[in-house]
Amino acid sequence: MEKNKILAIVGSLRKGSLNRQLALIVKEIIGDRADFELLEYDDVPLMNEDIEFPAPEPVKRVREKVKSADAIWFFTPEHNHFFPSALKNVIDWLSRPTGEEEPPILAKKPACFSGVSLGMAGTSLAQDHLVTLLSFLDMDIMNFPRVTIPNAMQLMDDQGKLTLNETSYSFVKDQVEAFLEFVKNRVNK
Ligand code: FNR
């Protein structure tokens, strides 16, 4: 049986990003049960209708990646109780018609949400805003469980490496199992 493809979109462009590290922990937990790939999008320009058609090459590449994915897993930092502008920018591009006769790229795709932050809210406010946006774009949202990891300072070494404690790790593991099942039930392969 063909494996489901899960695309991770990390809302941070930072090389040492905690959310990127969280996505890599998820990749390890998933192992060979699904194809799990991180979307690279730091070359996507700011949305500007003047350059929308023809789409810039990085936008075309990102659209193809998203189109070919069975599901999307969002890993979002929290910037001022919101999700980061880089993430909003790439979603804005993905929300637009391509100029060809094809259905909206994000609509009906299964999505789930995780995040790690230095503050107490652990990205729950950022995730709420992201869910509002992606509901408008008609994604198929797994609302439970969502993973929020607060106070990440306590989980980092002095090189910025993230190591989850037992509690956070078990929440992440539960979310992996739930999302694999959620995706399996929606994608007939
Ligand atoms: C932050 N940070 C932050 N943290 C938080 O818990 N709540 C918040 O509202 C904010 N606001 C905020 C705004 C801006 C502009 C920045 C740059 C940062 C801190 C944030 O949690 C921390 O930088 C994380 O490490 C960001 O995630 P990545 O980049 O490590 O994945």
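F83 counts as buried, with 5% relative accessibility; buried here means under 20% relative accessible area, exposed means over 50%, and partly exposed lies in between (1.4 Å probe, protein chains only). F82 is partly exposed, with a relative accessible area of 38%. The ring centres of F82 and F83 are 5.0 Å apart and their planes stand at 35 degrees, so this pair is tilted. That word comes from a simple rule: rings of Phe, Tyr and Trp (its six-membered ring) pair if their centres lie within 6.5 Å, and planes under 30 degrees apart are called stacked, over 60 edge-to-face, and the rest tilted.

Before going on, please keep in mind that you are looking at a predicted model, in which local features need pLDDT of at least 70 and side-chain atom pairs count only at pLDDT 80 or more, while totals for chains, interfaces and linings use all residues. Residues are numbered from 1 along each chain as its sequence is written, and side-chain values use heavy atoms, with hydrogens and water left out.

Let us stay with the rings for a moment. The count of aromatic pairs comes to 7. One of them joins W73 and F75, whose ring centres are 5.4 Å apart with planes at 10 degrees, so the pair is stacked. W73 is buried at 0% relative accessibility, and F75 is buried too, with a relative accessible area of 0%. Both belong to a cluster in which ring pairs link F36, W73, F75, F179 and F182.

Now turn to the charged side chains. Side chains of opposite charge can pair when their charged atoms come close. Such a pair is counted as a salt bridge if a side-chain nitrogen of Lys or Arg lies within 4 Å of a carboxyl oxygen of Asp or Glu. How many salt bridges does this rule give? The count comes to 15.

Start with E37 and K65, whose side chains meet in a salt bridge of 2.9 Å, N to O. E37 sits in strand β2 (residues 35-38) and K65 in helix α2 (residues 57-68), so this pair links distant parts of the chain, 28 residues apart. The names follow DSSP runs, numbered from the N terminus: helices are H or I with at least four residues, and strands are E with at least two. E37 is partly exposed, with a relative accessible area of 37%, and K65 is partly exposed at 33% relative accessibility.

Next comes the salt bridge between E52 and R96, with the closest N and O atoms 2.7 Å apart. E52 lies in the loop between β2 and α2, and R96 in the loop between α3 (85-94) and β4 (110-116), so the pair ties together parts that are 44 residues apart in sequence. Is E52 buried or exposed? E52 is buried, with a relative accessible area of 2%, whereas R96 is partly exposed at 31%.

D128 and R146 make a further salt bridge, at 2.9 Å from N to O. Here D128 is in helix α4 (residues 124-136) and R146 in the loop between β5 (140-141) and β6 (147-149), so parts that are 18 residues apart in sequence are tied together. D128 is partly exposed, with a relative accessible area of 40%, and R146 is partly exposed at 26%. Salt bridges with shared partners also join R33, K173 and E177 into one network.

Strand β4 is also the place of S114. S114 is buried, with a relative accessible area of 1%. The side chains of S114 and Q175 are joined by a polar contact of 2.7 Å. A polar contact is a pair of N or O atoms within 3.5 Å; within protein, one must be able to donate a hydrogen and the other to accept it, and residues adjacent in sequence count only if both atoms are side-chain atoms.

Finally, find the ligand. Of the 13 residues around the ligand, S12, R14, S17, N19 and N80 come nearest; a residue is near if one of its heavy atoms lies within 4 Å. An oxygen atom of the ligand is 2.7 Å from an N or O atom in the side chain of S12. H81 takes part through its backbone, where a polar atom is 2.9 Å from an oxygen atom of the ligand.
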